[in-house]
Every structure is written in C-alpha cells, then in structure tokens.
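Dear colleague,

I am handing over the structure we spoke about, and I would be glad if you could look through it before reading my notes. Please find it here.

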Amino acid sequence: VSQGARAAATRLRELLGPNRVALHRLRVQDGEADVLVVESDGNVPVVAVIFGSPKEGALVRLHSRCTYGEVFGSRDCDCRQQLEVSLSMMSAAGEGVFVYLDQEGRGAGSLVKAQGYAITQRDGVDTFSAYSSLGVDTDSRRYDDCGMVLDALSLSSIRLLTNNPSKARALIEMGFDVRREPLVVAAHPESADYLSAKRRHGHLL
Ligand SMILES: [Zn+2]
C-alpha cells in the first residue's frame, strides 16, 4: 500500500479506534489500488478505493450504492455508467479516490427506493415526487465521513467528479476547496425520464 494511505489509516485509527479501520491492496480492472474502509459510530461504512498516491487537486468521486444499476445493469438509471467512467478516469490519471457509500436510494434504503419506483410507475411522477409522497427526504445522504477520510489523506483541494452541486456544496461546507468536474456518461435512452427529473432537481446534466 502507498505511504499516504498507510498514514491516513493511522490517523483514522487514532480518531475512531483500531477496530474501525482496515487497509489493504486490491487488484482492480486496470491495475491495483489501495482500499481503505472506515466505519464510524452509527454511520454507513466508507469504502475508499485509492488509485496511486493522490495529491492536492486529485480526482474524487463520492458514489452511493445502486443495486439496480450496478448489479442488475438496470437501464432506468445511469449509476453503473457513472461508476465505470469514474474508475477509468482515475485509473488513466494514475491517481484518485473513489468513495463508495452504502447509501442506497439516496440514503433512504432499498425498500423506500422500491416503493418510490412503484409510485413512479403507477402515477407517472418522478422519483423525487414519489419520495415526497412517501414522506421521505428526497436526499438524505451524508458525506461527513468522506470528508474525514479525504482529510486523513491530506487532501484539502479536490476535483470532484459529479453533476450534483449539492455534493460539491457538502464538501465546501466542510472546508474543502472543490472544483467540480462534470461526469459525462453515455446513458441508456430508457433512463431519459430519470435524468430529466435529476435535471429539475439541480443536477447539471
Ligand atoms: Zn441507479
């Protein structure tokens, strides 16, 4: 593992306790990466896949789990493409931090996500309205622990791969210097409705 990742793991162990942090090497599609997993009290685990030895200005992606897209290859969203494009950009750049978060359904979980899909299909409303009609926050994701990991990696200035300004905002509020890098993917034509709903809710697509 790289020196930077090892130093980050040491800092995080001091902060959270020795049993809350793990670091190892992983062979990935186009090479190898360091994987740093952190779980703080009451929060979802942060799985940081670290390419190279990221320096200031490195590419960072905060990616929330989407079982439909990533496991089943759903054509209703663009999550899998976003994941693949981000990973290949970092691999090509030789550095980057891809943070995978267990925040299915924009943080609401698998059941609410499925209930949202059902309402969307029954009533023809978008996913955000479906969440509202379920009385659920349209986006309850949190990025505090991501900030902690980036900080432990000594990154204060990053290029954030996202089309979602609220993700950039969350990191800026934690004191990071954030430049947003658009994430351009070839989306399925069937995901057009979902993408236009995202657009209406502030995503820059
Ligand atoms: Zn998805």
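What follows is an account of what was found, going from the whole chain to particular sites.

Please keep in mind throughout that this is a predicted model. The secondary structure of the protein chain comes to eight helices and seven strands. The radius of gyration is 17 Å, close to the 17 Å that the globule rule gives for 205 residues, so the chain is as compact as a globular protein of that length. Taken along the principal axes, the box filled by the C-alpha atoms is roughly 55 × 35 × 30 Å. Of the 205 residues, 43% count as buried, and the chain exposes about 10,200 Å², of which carbon and sulfur atoms supply 50%. Among the contacts with a separation of 6 or more, those between residues 24 or more positions apart account for 61%.

Strand β1 covers residues 21-28 and strand β2 residues 31-38, and the two pair in the antiparallel sense over eight bridges. Within this pairing, valine 21 stands opposite valine 38 of β2.

The metal site comes next. The zinc ion has as its protein donors the SG atoms of Cys66, Cys77 and Cys79, lying 2.2 Å from it, and in sequence these donor residues follow the spacing C-x10-C-x1-C. Cysteine 66 sits in the loop between β4 (58-64) and α2 (67-70), whereas cysteine 79 belongs to helix α3 (residues 79-93), so that this pair, 13 residues apart, links distant parts of the chain. Both cysteine 66 and cysteine 79 are buried.

Turning to charged pairs, a search of the whole structure finds 15 salt bridges, and I describe a few of them here. Aspartate 102 forms one with arginine 65, the closest N and O atoms being 2.9 Å apart. Because aspartate 102 lies in the loop between β5 (96-101) and α4 (110-123), and arginine 65 in the loop between β4 and α2, the pair ties together parts that are 37 residues apart in sequence. Aspartate 102 counts as partly exposed, with a relative accessibility of 35%, and arginine 65 also counts as partly exposed, at 28%.

The side chains of lysine 113 and glutamate 104 meet in another salt bridge, with an N to O distance of 2.6 Å. Here lysine 113 counts as buried at 9% relative accessibility, and glutamate 104 likewise counts as buried, at 4%. Through salt bridges that share partners, Arg65, Asp102, Glu104 and Lys113 are joined into one network.

A further salt bridge is that between the side chains of aspartate 78 and lysine 198, at 3.2 Å from N to O. This pair too links distant parts of the chain, with aspartate 78 in the loop between α2 and α3 and lysine 198 in helix α8 (residues 192-200), 120 residues apart. Both aspartate 78 and lysine 198 are buried.

Most residues other than glycine have a negative phi. Arginine 106, however, has a positive phi, near 50°; this residue is placed in the loop between β5 and α4 and is buried, with a relative accessible area of 12%. Serine 154 likewise has a positive phi, near 60°, and its place is in the loop between α6 (144-152) and β6 (157-161).

Glycine 116 counts as buried, at 4% relative accessibility. Leaving aside residues up to four places away in sequence, glycine 116 touches Ala130 and Leu134. The C-alpha atoms of glycine 116 and tyrosine 131 are separated by 5.9 Å, although the two residues are 15 apart along the chain.

With kind regards

Key
Residues numbered from 1 in each chain as written. Predicted model: local features only at pLDDT ≥ 70, side-chain atom pairs only at ≥ 80, totals over all residues. Heavy atoms only, no water. Pairing = 2+ DSSP bridges. Helix = DSSP H or I, 4+ residues; strand = E, 2+ residues; numbered from the N terminus. Donors = N, O, S within 2.8 Å, 3.2 Å for Na, K, Ca; no water. Buried < 20%, exposed > 50% of the residue type's maximum accessible area, 1.4 Å probe, protein only. Rg over C-alpha atoms; globule rule 2.2 N^0.38 Å. Contact = heavy atoms within 4.5 Å. Areas by Shrake-Rupley, 256 points an atom, 1.4 Å probe, with all protein chains shown as cover. Salt bridge = Lys/Arg side-chain N within 4 Å of Asp/Glu carboxyl O.
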